[in-house]
Amino acid sequence: MAAELSTSINIKEPRWDQGTFVGRAKHFFTVTDPRNILLSNEQLEKARQIILDYKKGVVTPGLTEDELWRAKYVFDSAFHPDTGEKMLLIGRMSAQVPMNMTITGCMMTFYRTTPAVLFWQWINQSFNAIVNYTNRSGDAPITVNQLGTAYVSATTGAVATALGLNALAKHVSPLIGRFVPFAAVAAANCINIPLMRQRELKHGIPITDENDNRLGESSKAAQQAITQVVVSRILMASPGMAIPPFLMNSLEKKAFLKRFPWMSAPIQVGLVGFCLVFATPLCCALFPQKSSMAVSRLEPELQEKIRASHPGVETVYFNKGL
């Protein structure tokens, strides 16, 4: 009879060392696995129960270590790390590749007319708003008014950026024109993410010590978290929006696409998808998910509070969001 699984495995942390880029990359290749969006509610609940039981010291009979880690990653792919609530399907990181390859591919195919730019930038920013809300850091609720204001502002800013750049691109070569969607997406990320997470900037995000004891909320930590997310999101979009334009510019001069112009969109979507399969986890891995900050960089009043109640703490930790 096989020995019962030990209850000392630390499933609060990822399976691989998050102090290294390779360890974080392995973690995010698992987290962003598109196959996770095909899991049924029953499978998600089963994984959730295994993890909740294990945290209480109860081991499911016959459970192996590999099955435990698989359950953890299924659980993490569908439930928010701070609130514990089930996340919207299209907002989960496992939906990033299929959703982004479709939207980005279409943005880069239909970029020449104003109605097409308006429609696809609106679709993209609507999707980004859902992803940003779903993967926000912290456990404080955001009101419908705050959500609506942030969404309208971000979408308006993104569409205005795209149309402005499109107008400028009419005076340059067609190849440069193909990069307009990427420039618009980069600019929009700088608008969208801070706006969708403005509550964190105003009220702060939860910070803890190395043992997960909550020490308070910090706006300085929120600024670092949001900056890191903006950088990784822009870099995440880079390969899928920078490589295909060169290939498509060449392919569209060939007889095949002149004969079958309708194939342009599927080819573009496929090229973007191939890039995103690798870019999404690798760019998520640029910064540790459990980010850290020296106590000396926090707000003065928070520094005083921590030094009074936890004098030995020099570094605080927080979930940066995705």
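**Contacts, domains and salt bridges**

Reader: Which residues does Q268 touch, once residues up to four places away in sequence are not counted?
Author: In this predicted model, Q268 has its place in helix α12, which covers residues 264-284. With residues up to four places away in sequence left out, the residues that Q268 touches are G105, M108, T109, P244 and M248.

Reader: Is Q268 buried or exposed, and what is its relative accessible area?
Author: A residue counts as buried when its relative accessible area is under 20%. Q268 falls under that cut-off and is therefore buried, its relative accessible area being 1%.

Reader: How far apart do the end C-alpha atoms of residues 267-287 lie?
Author: The unreviewed UniProt entry places the feature "transmembrane region" at residues 267-287. In the model this span is 86% helix and 0% strand, and its end C-alpha atoms are separated by 32 Å.

Reader: What area is buried between domain 1 and domain 2?
Author: The domain assignment gives domain 1 as residues 21-86 and domain 2 as residues 91-319. To their contact, domain 1 brings 20 residues and domain 2 brings 24 residues, while the centres of the two domains, taken over C-alpha atoms, are 25 Å apart. Carbon and sulfur atoms give 65% of the area buried between domain 1 and domain 2, and that area is about 1800 Å².

Reader: Which element gives the most to the side of domain 1 that touches domain 2?
Author: The elements that give two or more residues to the side of domain 1 that touches domain 2 are α1 (21-31) and α3 (65-78). With six residues, the element that gives the most to this side is α1.

Reader: Which residues is P14 in contact with, leaving aside its neighbours within four places in sequence?
Author: P14 is found in the segment before α1, and its C-alpha atom lies 19 Å from that of K46, a residue 32 places away in sequence. Leaving aside neighbours within four places in sequence, P14 is in contact with H27, W69, K72 and Y73.

Reader: In the salt bridge of R35 with D33, how far apart are the closest N and O atoms?
Author: R35 counts as exposed, at 60% relative accessibility. D33 counts as buried, at 14% relative accessibility. Across the salt bridge between R35 and D33, the distance from N to O for the closest atoms is 2.7 Å.

Reader: Which residue meets R214 in a salt bridge?
Author: R214 counts as partly exposed, at 44% relative accessibility. At 2.7 Å, N to O, the side chain of R214 meets that of its salt-bridge partner, E217.

Reader: What distance separates the C-alpha atoms of L88 and Y133?
Author: L88 lies in the loop between α3 and α4 (96-109) and counts as partly exposed, at 48% relative accessibility. Not counting residues up to four places away in sequence, L88 touches I130 and T134. L88 and Y133 are 45 residues apart along the chain, and the distance between their C-alpha atoms is 9.5 Å.

Conventions: Residues are numbered from 1 along each chain as its sequence is written. This is a predicted model: local features need pLDDT of at least 70, side-chain atom pairs count only at pLDDT 80 or more; totals for chains, interfaces and linings use all residues. Side-chain values use heavy atoms; hydrogens and water are left out. Helices (H or I, at least four residues) and strands (E, at least two) are DSSP runs, numbered from the N terminus. Buried means under 20% relative accessible area, exposed over 50%, partly exposed in between (1.4 Å probe, protein chains only). Contact means heavy atoms within 4.5 Å. UniProt positions are given in the numbering used here, feature names are shortened, and annotations may be inferred rather than shown by experiment. Domain bounds come from an automatic or database domain assignment. Buried area is the accessible area (1.4 Å probe) that two parts lose on being put together, summed over both. A salt bridge is a side-chain nitrogen of Lys or Arg within 4 Å of a carboxyl oxygen of Asp or Glu.
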